[in-house]
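Take a look at the structure shown here. What holds its parts against one another?

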Amino acid sequence: MKKIKISKSRYKIKESPVFHAVNYVLLTIIGLLCLLPFLNVIAMALSTANLKVDFWPRGFTWFNFATVFKDVNFFRALGISILVTAFGTALSVLCMYMAAYVLSKQDFPLRKGVMIFFIIVMIFSGGMVPNYIVVNSLGLTRTVWSMIFPSVVQVYNLILIKSYLEGLPKELEESAKIDGASNLRIMFKVILPVSKPCIASVCLFTAVTLWNNYTNALMYLGTEESLYPLSLYILNHIHSTPDPINFTQVDIQKSNIESAMILVSILPILIAYPFVLKFFAKGVTVGSVKG
Amino acid sequence: MSANNKAVKNNLALRQGLRNFRSGVRKNKSLIPFLIPAMVFALVFSYLPMIGILIAFKDNPNFGRYDVFEAFSRASWTLDNFRILFSDPEILKYIGNTMIISVMKIVILFPLPIILAVMISEVKNKTFSKIIQGMVFLPHFLSWVVITGIFNNLLDLYGPINNMITSMGGDSIYFMGEAGWFRPLVVILSGWKEIGYSSIVYVSAITAIDSSLYEAAQIDGASKLKQIWKITIPQILPTIIVMLIIRIGYLMDAGFEQVYTMLNPYTRETGEIIGTYVYRLGLGTGTRDYGLSTAVGLFNGVISLILILGANFISKKKFGTGIW
């Protein structure tokens with residue numbers, strides 16, 4: 001490294017200020033393009049309907065938030081989403097971690113075969129109707145389980161955890177084995193603590209996936225609206241057309257209220273976002289998938 | 001003699017292999033229970049439905065009236081569903097929509113994360129780089145429901161975009177309700193969500209480039225743009241090609257979650273894709289045609305499978321990395 005520094009000072013290196021200036025300006029514009037839509041949502045959520053809202057509230061009102069906070073169905077949907085996300089993440093990551101632990105053992109027989117078994121899940125599906133028929137035959141349609149069980153197997157996460165475990169030093173486990181620890185003990189008391197960064201990031205990504213998912217609910221819940229998660233509840237609100245005869249204030253404010261709903265629904269993601277960025281900074285998720 | 005020797009050797013190798021396998025089983029027997037939960041979920045919710053593909057070869061079974069097995073056995077075997085699939089102009093149109101949207105996404109959106117990654121890597125100020133990355137990754141973590149909701153307002157007749165158009169003397173456009181705007185909007189929204197996030201893989205590829213290459217170029221007096229063109233791009237070309245191959249592998253997936261949120265009766269003509277059609281036909285509110293829906297889904301699934309396997313094969317063979 002030192003040599004390079006010397007060479008730099010010896011041959012005056014041409015810096016390109018114009019290039020960097022243009023680059024910074026363009027990147028700032030791109031960054032703002034990603035954030036400006038949020039400004040519009042906030043402005044809409046605080047505005048009175050039928051006014052041209054750009055990025056600042058017009059006809060400032062709390063009516064939209066008040067309507068959302070008075071909406072019992074909205075809160076029930078929020079509760080369902082929290083439940084599905086929390087339980088679904090725990091179940092999925094637990095199953096994937098245990099399977100990944102076994103498959104990370106180089107001398108496990110049928111290791112390749114089991115991997116292929118999971119990869120097929122990733123690349124081929126029976127399709128919507130066969131999936132529906134299975135879930136329905138098990139009596140799981142119109143239950144919360146229909147939003148959790150079909151999403152337990154996340155093969156990408158399995159591969160991610162597996163490659164992480166394969167990279168851990170073998171001595172960790174061997175010394176625990178000499179002490180006579182059982183597999184269960186090694187898995188959760190020895191390996192799990194050192195896999196924290198990987199498991200935490202997988203948890204976070206699974207949680208975001210489950211929080212955002214609406215297809216399971218759409219396919220399996222049917223008309224059971226009392227179980228709709230937040231995503232589907234908001235989607236139905238967006239897709240609905242108000243009754244033209246009994247037009248109420250809530251109908252007039254439709255898109256403003258939707259903006260308020262959207263803001264409440266992305267709050268958990270915004271709270272989790274700094275952690276997501278931290279994992280990226282550590283490079284936990286990038287480039288860890290390989291054959 | 002040599003043939004005999006070979007046989008003995010083979011026999012020995014086989015025995016050795018068997019012994020290894022048995023000792024492997026013995027040593028790892030206690031591990032098997034930990035595999036079971038994941039495998040059971042995969043079997044029930046992924047493999048069991050694969051048997052259901054047989055529905056595609058049946059007359060529409062009446063699952064409403066009978067239980068699964070009875071409905072299935074009552075329906076007669078037929079290839080009609082596939083005959084309809086390959087001749088019905090409506091279905092062919094939806095297959096076309098799927099391909100057009102997917103190809104538009106690849107052609108327009110694929111190069112953009114590469115450009116963004118190059119721009120991000122040229123930033124020397126760490127804090128600025130982190131802030132920009134934090135901004136451009138964010139949309140990836142939002143659901144399609146939220147993004148369509150946001151853009152419904154942005155593109156509304158009274159929204160900011162139309163305000164801008166009218167203030168410049170143009171006529172307002174009803175973006176979300178015009179068939180002609182559907183595909184461009186699918187591409188734009190998809191770009192807004194994913195360009196930033198897709199740049200990660202290229203940023204890390206650029207980080208891995210040997211910095212002495214740039215130093216040599218700088219001494220030769222090469223301009224920044226020339227360095228990017230002559231060093232950065234060629235150095236990350238393998239990554240670019242692998243990503244492109246994988247992306248093409250997912251050609252048949254035009255994005256169900258996205259299109260379903262954006263679609264309305266006015267845009268069905270240009271916007272209905274295989275995924276949304278399969279849903280509407282098989283699980284929608286109208287009369288459900290399980291047989292045809294399954295057949296269309298199967299057609300889509302088989303082509304995807306071939307494309308993904310092909311993509312993975314090529315990418316592994318030529319570049320040593322694949323999807324798995």
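This is a predicted model: local features need pLDDT of at least 70, side-chain atom pairs count only at pLDDT 80 or more; totals for chains, interfaces and linings use all residues.

Start with the core. The largest nonpolar core holds 187 residues. Within this core, A:Phe118, A:Ile161, B:Phe141 and B:Phe151 touch the most other members. Helix α4 of chain A, residues 72–103, gives the most to the core. Its share is 16 residues.

Now zoom in on A:Phe118. Which residues does A:Phe118 contact, leaving aside neighbours within four places in sequence? In chain A, they are A:Leu103, A:Val153, A:Val155 and A:Leu158. In chain B, they are B:Leu35, B:Ala38, B:Met39 and B:Ala42.

Next, turn to chain B and its domains. The domain assignment gives domain 1 as 2–57 and domain 2 as 88–319. The centres of domain 1 and domain 2 of chain B, taken over C-alpha atoms, are separated by 39 Å. Where the domains meet, five residues of domain 1 are in contact with five residues of domain 2.

How much area do domain 1 and domain 2 of chain B bury between them? The figure is about 350 Å², with 86% of it on carbon and sulfur atoms. On the domain 1 side, B:Ile53, B:Ile55 and B:Ala56 supply 90% of the area buried against domain 2. That is more than any other three residues.

Across the interface of domain 1 and domain 2 of chain B, the rule finds zero salt bridges.

Key: Residues are numbered from 1 along each chain as its sequence is written. Chains are lettered from A and ligands numbered from 1 in the order in which they are written. Side-chain values use heavy atoms; hydrogens and water are left out. A nonpolar core is a set of buried Ala, Val, Leu, Ile, Met, Phe, Trp, Tyr and Cys residues joined through side-chain atoms within 4.5 Å. Buried means under 20% relative accessible area, exposed over 50%, partly exposed in between (1.4 Å probe, protein chains only). Helices (H or I, at least four residues) and strands (E, at least two) are DSSP runs, numbered from the N terminus. Contact means heavy atoms within 4.5 Å. Domain bounds come from an automatic or database domain assignment. Buried area is the accessible area (1.4 Å probe) that two parts lose on being put together, summed over both. A salt bridge is a side-chain nitrogen of Lys or Arg within 4 Å of a carboxyl oxygen of Asp or Glu.
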